Amino acid sequence: MKKDIRRGIYLLFILGILISMTACRSAGSSAGSQSTPETTESEPEQKEESSEEEAAETTDTVGTESSQVLVVFFSRTGEQYTVGVIDHGNTAIVAEMIAEETGADLFEILPVDDHYPMTYAELTDVAKQEQNENARPAYAGETPDLAAYDAIFIGAPVWWGDWPMIMYTFFEENAETLAGKKLIPFSTHEGSGLSGFDKKLASTCPESIILEGMAIRGNDCQNDQDSVRENVNEWIAQLEY
Ligand SMILES: Cc1cc2nc3c(=O)[nH]c(=O)nc-3n(C[C@H](O)[C@H](O)[C@H](O)COP(=O)(O)O)c2cc1C
């Protein structure tokens, strides 16, 4: 009888040990499941990295660096209105600023025979005569391969409220190649602003896309280049070219 009681106590003791071992094991497996959220948390982190990478890739492809940009300009030195005799033309200064900001190539329109006087009064007479005759003065040099460019800035001084006639020579000779391209007009002037450069360009190159133009005071090009550069860069920053 005593033996039976001892065996019963022994069995109960063994049973107690087994129950407590099972309890420990299940507690251990729930600690393991706590590690699952840690693993899950790391997934969004990876996603964040990859979405940052995606954003960087997108920025690269839409950046202006991917566009091929050209600046075509006409500009005169010599005696100019309000600034006296200059050795660096007003429009040339703006053209170079645009090229610096955009990484563009430059092409200067130069007359074949430079018949333009270096004194202001005489120059205005010659320019007026060309306008009256609707002349198309020839320009020198080889035109760059315009087909290779996506966007072309085109600038000149306002002459008698219009583009200088030599610019129409360039537009008309190249209108076909300029079709579908983004053209961005700019002027330097002494009061007339853009003088309808954009509208006149649109009617001469009707298949081109004309973006918002920019007008800069010629005098500022010589005497206030910091503000000219600031205005030029602000204008370029909001252009979609
Ligand atoms: C022939 C001629 C005509 C001009 N006509 C105008 C005009 O109609 N309106 C205006 O605001 N400025 C006029 N100007 C001033 C020029 O547009 C201005 O001085 C310009 O910045 C000159 O640029 P450039 O140095 O690049 O040639 C004229 C200048 C010249 C020489």
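User: How many helices and strands does the secondary structure of the protein come to?

Analyst: The model is predicted, so local features need pLDDT of at least 70 and side-chain atom pairs count only at pLDDT 80 or more, while totals for chains, interfaces and linings use all residues. Residues are numbered from 1 along each chain as its sequence is written. Helices (H or I, at least four residues) and strands (E, at least two) are DSSP runs, numbered from the N terminus. On that basis the secondary structure of the protein comes to 7 helices and 8 strands.

User: What percentage of the residues in the protein is buried?

Analyst: A residue is buried if 20 or more other C-beta atoms, placed from the backbone, lie within 10 Å of its own, exposed if 12 or fewer, and partly exposed in between. The protein has 241 residues, and the buried share is 26%.

User: Among contacts between residues at least 6 apart in sequence, what share joins residues at least 24 apart?

Analyst: Two residues are in contact if their C-beta atoms, placed from the backbone, lie within 7 Å. Among contacts between residues at least 6 apart, those joining residues at least 24 apart make up 78%.

User: Which element gives the largest share of the shell around the ligand?

Analyst: A residue is near a molecule or strand if its C-beta atom, placed from the backbone, lies within 6 Å of it. There are 23 residues around the ligand, and S75, T91, P157, T188 and G218 come nearest. The elements that give two or more residues to this shell are α2 (90-102), α3 and β6 (182-189). The largest share, 4 residues, comes from α3.

User: By class, how many residues of the shell around the ligand are nonpolar, polar and charged?

Analyst: Ala, Val, Leu, Ile, Met, Phe, Trp, Tyr, Cys and Pro count as nonpolar, Asp, Glu, Lys and Arg as charged, and the others, Gly among them, as polar. The shell accordingly holds 9 nonpolar, 12 polar and 2 charged residues.

User: Is T82 buried or exposed?

Analyst: T82 lies in the loop between β2 (78-80) and β3 (84-86). Its phi is near 70°, a positive value in a residue other than glycine. Because T82 has 12 other C-beta atoms within 10 Å, T82 is exposed.

User: Is S195 buried or exposed?

Analyst: S195 is placed in the loop between β6 and α5 (197-204), and its phi, near 55°, is positive in a residue other than glycine. Because 21 other C-beta atoms lie within 10 Å, S195 is buried.

User: Which residues does L146 touch, not counting residues up to four places away in sequence?

Analyst: L146 lies in the loop between α3 (120-132) and β5 (151-157). With 16 C-beta neighbours inside 10 Å, L146 counts as partly exposed. The C-alpha atoms of L146 and L178 are separated by 7.1 Å, although the two are 32 residues apart along the chain. The residues touched by L146 are I152, N174, T177 and L178.
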